[in-house]
Structure formats: structure tokens, C-alpha cells
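Me: I am new to this structure and would like to go through it step by step. Please show it before we start.

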Amino acid sequence: MDTLASYDELPYDSLPLPETQPDFLAAVAKLHGFDAPDPRRARILELGCAQGGNLIPLAWRWPESDCVGVELSRVQAEAGAAFIKRLGLPNVRIVHGDLAALPEDLGAFDYIIAHGVFSWVPPTVQQALLDVCRRHLSPQGVAYVSFNVAAGWATLLPLREALLARTAGVAHAPQRYAAARAVLDQLSREWDDPVLLDEIAYLKTAAPSYLFHEYLADCNTPMSFGEFAAQLDAHGLRYVGEAGPRRAVVELEDAWGLIPESMAGRWLDAECALDDALGTRFRRALIARADASCAQPPKADALDELAFYADLASDEQLDLEHDSAQGFVNPAGNKFLVENALAKAALIALSSAYPRALCYSDLIAALHAVRDGFGVAGEGDAARFRQAWFSLVLMHCVMPTLPAQAAPELADELGSHPHAHALARLQAATPGWVVSGTRHVAIDLDAPARELLQRMDGSRDQAALVMEMGTYLTGAGIALPPEQRAQRVDFLLWQLVRQGVCMAG
Ligand SMILES: C[S@@+](CC[C@H](N)C(=O)[O-])C[C@H]1O[C@@H](n2cnc3c(N)ncnc32)[C@H](O)[C@@H]1O
């Protein structure tokens, strides 16, 4: 097979995926007592990388890294290669080919990423994917492999079956997607199961490529965590920990640290029980070679060696004096209830530093500065704060990273001539690409914002940008009074600086 027609016809929305960032994976590994290689100079392999929307921003961020993507769909691989050529980025390439037939001379990799691939390929390719991890992981390397979990998918399978059956006669992907949308409308009238109705409502708003490649793909084989762990074992690999957000951490006895190896089986059993209890649908497994030594469950002590960032807002009057549950929301709309008073102050400090990260000791100093600013007396309970912070990190309310990983040349504020970096400008100029922030998030930009970003090449001052955007908006039929136009441009510039796409100076 030299291509995948379904992905050629309906390419996957190729986005930056924060949980695949090597600095984040290294931080998760550290929580498990395992030192992964320095991402800044790492070799990174992404299997099934689509057009490289995840891999290319990583290569951009770490010019000394060496990044290789493998993609079987010719259309997607060629789109990625063309984008890289236009960007002139020397440390990344996308190989068009089958991950099950990789050239031996690819060498060893410090990070291997396979997001949305394992459950969506035939069993022989699943085996090949784990073989690639075993053969190509460097001794301290880590792999990220996501998969659909049987516990949660048991409820969703009737929906997949109905969509497959009722669109079976439609040959091409875009037409089959359109047929599936109509079937969703029928099913929402016919069915009354609340879980399925929620999923149908979600699918109606989801990207077409998600609905098609998740529900109408030839393969979608959810697996239990136990079965997945057994397959790792059979391939000389081991499960290190979960790289996805956790709603619960399995706590076994304190004796854990005394006899870790003999208890390893129980840890895995506990993970399975957790999936059953929570109805887990999707896992992001962090994997290492079988001989890697690591700690399970993760340890809060390791927080001292990490740095953190967060982009949160709260519309509540925050009480920094008392423990009381209050809501913080991230840009994806996920809401986190935070009780610990010190943690609330820490989230304020971290969100105002975004996109910069603070190491644990700086975070403590910053949270006390926030408390002082609010006139709150006393030191608070440091041990309780650590536990609260650990939970927020495991939930991904706060993202952990390694200290000193941020690109230093990014602007904290706009210079006189706003200058976005070349990757952001090319992403903005290229249909089918999203603009990625320095923290590897997709920035939600409308057409005028993409237009503005393309003009931010350092040659125009803010007044010139406002003027040119006025002409553009009028041409697009959006006539705004000059004051509102300037406000709109100011807001967009602020948003782009906050997401770290502007250069200093
Ligand atoms: C669901 S998409 C996920 C894309 C991307 N990893 C992401 O999460 O955005 C699966 C990708 O794997 C690619 N793929 C499937 N089988 C493959 C194979 N045998 N070798 C290489 N790529 C493959 C598909 O073409 C598709 O781009």
C-alpha cells in the first residue's frame, strides 16, 4: 500500500498536541523518577504525523533537535514536506511511508510520539508500532502512545456500528461524512441513552475529520489497559505512567517503595480498575524500555525539580485567605475547582507569568508576593500546598515542564514594530494550518486575525497595522469606526504576545 485513500480524501486536522511535547513528557517521566533526555537536543520521531501540525512547531522551538515524521497518506506527507520547504527549517523532515516498514538506518530516538494511531490501524501495524518503539528508543528515551480504552468505548460502540451500517454504501470520505451527519440527526431522534445523546451532540460540533476517522474508520479497536500493558511487556517495553489528565491517582499502601517490583502487577491491576470505575475512553501512555527503572505511582517530591505554566482565568472574587473551592477555567473551557488558598495564589501568579514557566521555588516566592499584594497574612501550610499542587499538575490544570526550556528571545511586550516569527506567519498564511503558541496550543484566530499576523513582519509600526487592517476589514465588509478598529488590533496583538509568537526587540 503506498497511500491511505481515506486520509488523502479527508485529511486529519493536524494540530499541536500539548501532551506530546517532549519537555512535558520529560516532566511526567521525572514525576515517575525517570530522567528522560534533554528535549532541546533530542531526536524526535512522530509516527502517523499527518501533515506535521504537531511535529513542525516542536522542531521550530528546538532548532538543535532532529525531528522525523512518518506518514502513509501521500497527500498529508506532501503537504507537510511542502510547508517545511517554504519555512526553510533544516531540522525536520516528513517521510512518506508505512511505519511498519521503516528503514533500519533511522537510528535511535529520545522521544517517539504516536497520537491517534495505535487503535486506528490493523493488529499487524499495532505490533509494528510497538516494535519501532523497542528498536528505535534510546536507552533513556520515552514513547507516547495514545489508544482508545475498552472500558469507556463499550458504551460508544453502538454509535459507531450504527454510523458504519447506515453509511455503508457511500464510497468517498467527504460524501460519507455528509451522510453520517444526517444519520446523527436521525439517531438523536431515535435514541434516548443520555451518554450516546451527549456524544452525538458533541460529534455534531466536532471537526469533520474527527467524526470520520474515529467513527467511520476501517479500524477502531479499543483495548483494555491490561491488554495494552501485556503487549508492551511482550515487546520489551514498560508502562511508565499516564501522560493524559488524571481524575484519580491510584494510591496503594505506603509499603510501595519497599517492594516496588513485586507490586508492579498490582499497580497495573489498579489502573484497570480505575478505567472501569471512571469509564475511561482514551489513554495517553508514557512508555520506556523494559529495563528502565521508574516509580509508580508518581511522586510529589519531584515537583522541586520541575517548572510549571498555566493559562487560567477566574470570574470569581477569589478568597486567598481561606480554603474554599473556587473555579478556574483554561482557554479550552475546562473548569478546575481549586480549594487550597496557597494554590489559588500560585495560579494567579502563574497565569500572569504565562507563557513563561516558574520553577517550584520561584513559584513559592511568587505566590507569597501575590498574597502580600492582597494583604493576606501568614505563611500557610507548605506541605498541604505541595499535595494540592501535585493534584493540579496531574489534572493538567497546571502543566509541568523542565526548568529553563522557554525560548528566551520571545517578547514580553510589543516592540514599536510588532514582529511575529516566521512559523506563525506562514501558518497564518497557509489554509489548513493552525497557528501554534509557544506552549504548543492551537491559537483560535479568525480570518482578520490571520491577516494581521501575516503583516507582523517587523516592517510596520502599530499605527500602520491599524491602518492596513482598516482597509482589509472594509474590503471584507466589516466597516468599524477607527477607535474600535484600533481596539480590535490592540487586543489581537496582546493575544499574540501572550501566546509567545512575537519576537523581542
Ligand atoms: C487519526 S490520524 C492522527 C494524526 C495525528 N497523529 C494527530 O493526532 O493529529 C492517524 C494518522 O496515522 C496515519 N497512518 C495510519 N496508518 C499508518 C501507517 N501504517 N504508517 C504511517 N502512517 C499511518 C494516517 O494516515 C493518519 O494521518
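**Ligand, cores and one tryptophan**

Reply: In this predicted model, an oxygen atom of the ligand is 3.0 Å from an N or O atom in the side chain of Q76.

Me: What share of the ligand's accessible area does the protein cover?

Reply: On its own, the ligand has 600 Å² of accessible area.

Me: Which residue places a backbone N or O atom 2.8 Å from a nitrogen atom of the ligand?

Reply: D98 also has an atom 2.8 Å from a ligand nitrogen, but that is a polar side-chain atom. The backbone atom asked about belongs to H115.

Me: How many charged residues are in the shell around the ligand?

Reply: The ligand is surrounded by 18 residues, and G48, E71, D98, L99 and H115 are the closest. By class, nine of the shell residues are nonpolar and six are polar. The charged residues number three.

Me: Is W62 buried or exposed?

Reply: W62 sits in the loop between helix 3 (55–61) and strand 2 (66–71). Its relative accessible area is 3%, and the cut-off for buried is under 20%. W62 is therefore buried.

Me: How many residues are in the second, separate core?

Reply: The largest nonpolar core has 76 residues, and F385 is among the members that touch the most others. Beyond its sequence neighbours within four places, F385 is in contact with residues including N340, Y360 and L367. A second, separate core includes V68, F109, F147 and W267, and its residues number 34.

Terms used
Residues numbered from 1 in each chain as written. Predicted model: local features only at pLDDT ≥ 70, side-chain atom pairs only at ≥ 80, totals over all residues. Heavy atoms only, no water. Core = buried A, V, L, I, M, F, W, Y, C linked by side-chain atoms within 4.5 Å. Buried < 20%, exposed > 50% of the residue type's maximum accessible area, 1.4 Å probe, protein only. Contact = heavy atoms within 4.5 Å. Near = heavy atom within 4 Å. Polar contact = N/O pair within 3.5 Å; in protein donor to acceptor, adjacent residues only side chain to side chain. Areas by Shrake-Rupley, 256 points an atom, 1.4 Å probe, with all protein chains shown as cover. Nonpolar A, V, L, I, M, F, W, Y, C, P; charged D, E, K, R; others polar. Helix = DSSP H or I, 4+ residues; strand = E, 2+ residues; numbered from the N terminus.
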